[in-house]
Amino acid sequence: MSLEARGFGWRWNGREAWAVRGLDLTVADGERILLLGASGAGKSTLLTAAAGVLDGSDGGTGESEGILEIDGVDAPAARLAALEDSAGLARSGLLLQDPQAQTVLARCGDDVAFGLENHSVPREEIWPRVDVALAEVGLPVDRARPTAHLSGGQRQRLALAGVMALRPQLLLLDEPTAMLDPAGAARLAEVVKERLDASGAGCLVVEHRVSLWLDVVTRVVVLAPAGGVLADGTPHEVIAARGEELAAAGVWVPGLTPRRLRSSSPSAAPPSAVIMKDPASRAAREGRSTLITGAEGGSGLITGAEGRVGDERAAPGQALLTLAGVSAGHRSGDPVLTGVDAVVRAGRAVAVRGPNGAGKSTLALVLAGLAAPRAGSVTASPSLRGLADDGAGDQPLRWRPRQLVARIGSVFQDPRHQFVARTVADELAVGPRRLGVAEDGPDGVGERVEELLERLRLTRLARANPFTLSGGEQRRLSVGTALATRPASLVLDEPTFGQDAATWAELAELLLGVIAAGTAVVAATHDDDLTAAIADETWHVDHGRLVVTAVPGAASPCRDAA
Amino acid sequence: MSLLAPDTSALRPTVVSRANPAAKLAAAAAVTVVLLLSVDVVTAGTAVLLELLVLPWCGVALPALARRLAIIALAAVLASVSTAFFAVHSGTSLFSFGPLELSTGSLIAAAAIGLRIVAVGTPGVVLLASTDPTELGDSLAQVVHLPHRFVMGGLAALRLADVLVDEWRQLGLARRARGLGDDGVVGRLRTGGEQAFSLLVLSVRRAAVLATAMEARGFGGSRRTWARPSALRPSDVVVVAGGVVIAAAATTAGVVAGTWRLLLS
């Protein structure tokens, strides 16, 4: 099956900018393409257009221009034709980014069968195809298994099974491995390759992490943010010719992966942390003017190193939160983790690792004082309690929201869950205002917001609604909201999930800065690079247990404890 | 167990629980329609009595049934109490204190209202507690022949409703993490309102993605096949007949006792 775009463009209703414009692209039958481009270059839009689900007619979801044809037929018409010819084969199979939103029915088997029913596949053929598809994607669950019980990664596989069962001649995958652990992601790429080898189908894959797909694809196409194609060729050619440029645009280019950022010696601050500590000099070096005032002291406002009156920061390595015999899990069912003994320390970073569904997110909620442990205790140290004079007890779970936000900052997996204000600037001001920080004057709300906006590169979006930001911008903002109250510890759930390389580097730098300033950071993450870049120790969760390991070369978190 | 879908694995297989959902729907509809025609103690009372007699054959475990029926009972009690005090009074006055008055007439009306709510509510409760929504959808499309786009759309929306429950919890936690929600009742109400708005924004976006995903998997064509067959079986006749018998017996009892009055006349 071939795809042909000539001068193709698409603009969503209510948007001024075209998501895709002036695109000329020919995809031959069975060709396997990795689609790259900076965030906002229109990769996802192109995939949905190729799937024939964009409606450019009056009353549709947007406006289209130019031509996008599948086998010489307009893409939407090609999709409908596949439904009508009753062969039970889809022209294209589209896997979208948000797996939670793609589950259609309440049981796994029914969900995979949904597309087959729509394509009028006879009943006796449906169930064998469902079973094969579930097995292929590595989701060996009972057909009757409720979809509500699946983890994010399992959902991703279920959605893929629903697509694969239709035996599409062109697979359209939008960040298919974003929610999977590294081993799961590699397996999924293998599954797709086997499937393509066996069927001779082609694919268009959008993925930040290029290396996963180098063995699968034969061609790389890079979309230009301004419209059109920036580069097109074999993976080797494109990376050789455009590697630096792609990396700068946020693509994860093999060989240009992030280096270890964390210094092995706690006394020698890493270069990026130096940058963090002195935003004024950073701005000066980049030739930008700065609005920041009161930063001459060399300690940035974000880092909180300057501190407020009565703000007794714990010394690096000092315990802030102690977990003793903690069990964690959903209210119904057995705990996923038991017998967890661990300590969160000031100025140290922990990466919580483990496969999908092992309990990383649940543990993060327990640590952040948001969910009750099923057993055991989470205890705040006197230094954490004494951070503000508000009578907070030693159990974070019992703290009132104001007491919590002064001590522990949380960054959720989906940043949109955390947005409560109409504008980006207000969003950053919410926390400090809750703590009663003065609006004006040195270290007032206004000043903190200005500095965070600058630091997060969101100044030009200060008046924008948080929900309208791109994924990367939303992520930066959600981290910023947690930093605005200068908590002594920061708990993050998959902070780098689905981020391009540019946002990744900014986040890593931001986190290194707060760690250097004495903040404890706990990040539940699948990201090897992030772990290597920031972590002092890893907490590996698997099979219901947690194992603490020091990262080689990192500041030793346990021995220099006070 | 999710919000709306019952845990059907906990059902005992009986003639009612295994019946085609369309048959259960028809039986419940027969009872409901007949009871809406008249408000009287004998008709409603007979219906409740007969319903209680067939409950053991519904296959729903007692605790699950009791939890759901308790809601109906609460509604019945509230409606009865207000009717007893505020209905048009007739017969002997039994009690009077200020605006509050009880009479034999108002007590009988109260009993009729309460029994009617239980009589109408019970078949509905059994239908919901013993029917898997997916099966109901299959039945509505294949037996009742409702348009399949409508039925599948409804099922997808139902699953999204489960997601909303989870999302609401996440939003609540996120608000606590942002330091919101400890300003007394007014502040809590405001935070709750904002949380509801966020949920709305998120669910509209989710629904848009779901619609795209469904369309990409071929939803919306003129025809489709069904992976799960749904057809009426001979035993389903028993269920429908059961509903009709309850309706007919209740009405007959009311008419014979002379209490049955057509509401519309």
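**A walk through a two-chain model**

A residue is called buried if 20 or more other C-beta atoms lie within 10 Å of its own, exposed if 12 or fewer do, and partly exposed in between, with C-beta atoms placed from the backbone. In a regular strand, side chains alternate between the two faces of the sheet.

Please keep in mind that this is a predicted model, in which local features need pLDDT of at least 70 and side-chain atom pairs count only at pLDDT 80 or more, while totals for chains, interfaces and linings use all residues. Residues are numbered from 1 along each chain as its sequence is written, and chains are lettered from A and ligands numbered from 1 in the order in which they are written.

Strand β16(A) covers residues 489-493, and because five of its five residues are buried, the rest of the structure largely encloses it. Helices (H or I, at least four residues) and strands (E, at least two) are DSSP runs, numbered from the N terminus. Strands pair if DSSP finds at least two bridges between them. Strand β15(A), residues 408-411, pairs with β16(A) in the parallel sense over four bridges, and there A:Val411 has A:Leu492 as its bridge partner. β16(A) also pairs in the parallel sense with β17(A), residues 520-524, over five bridges; here A:Ser489 stands opposite A:Ala520.

Now look at strand β1(A), residues 3-12. Eight bridges join it to β4(A), residues 62-70, and the two run antiparallel; A:Ala5 stands opposite A:Leu68 in β4(A). β1(A) also pairs with β2(A), residues 20-27, in the antiparallel sense over five bridges, with A:Glu4 opposite A:Thr26.

A next stop is A:Lys193, found in helix α7 of chain A, residues 182-199. With 16 C-beta neighbours inside 10 Å, A:Lys193 counts as partly exposed. Leaving aside neighbours within four places in sequence, A:Lys193 is in contact (C-beta atoms, placed from the backbone, within 7 Å) with A:Asp215 and A:Val216.

Finally, turn to where the chains meet: the contact takes 42 residues from chain B and 53 residues from chain A. On the side of chain B that touches chain A, the elements giving two or more residues are α5 (133-142), α6 (148-177) and α7 (184-216) of chain B. Of these, α6(B) gives the most, with twelve residues.

Note on methods. Contact = placed C-beta atoms within 7 Å.
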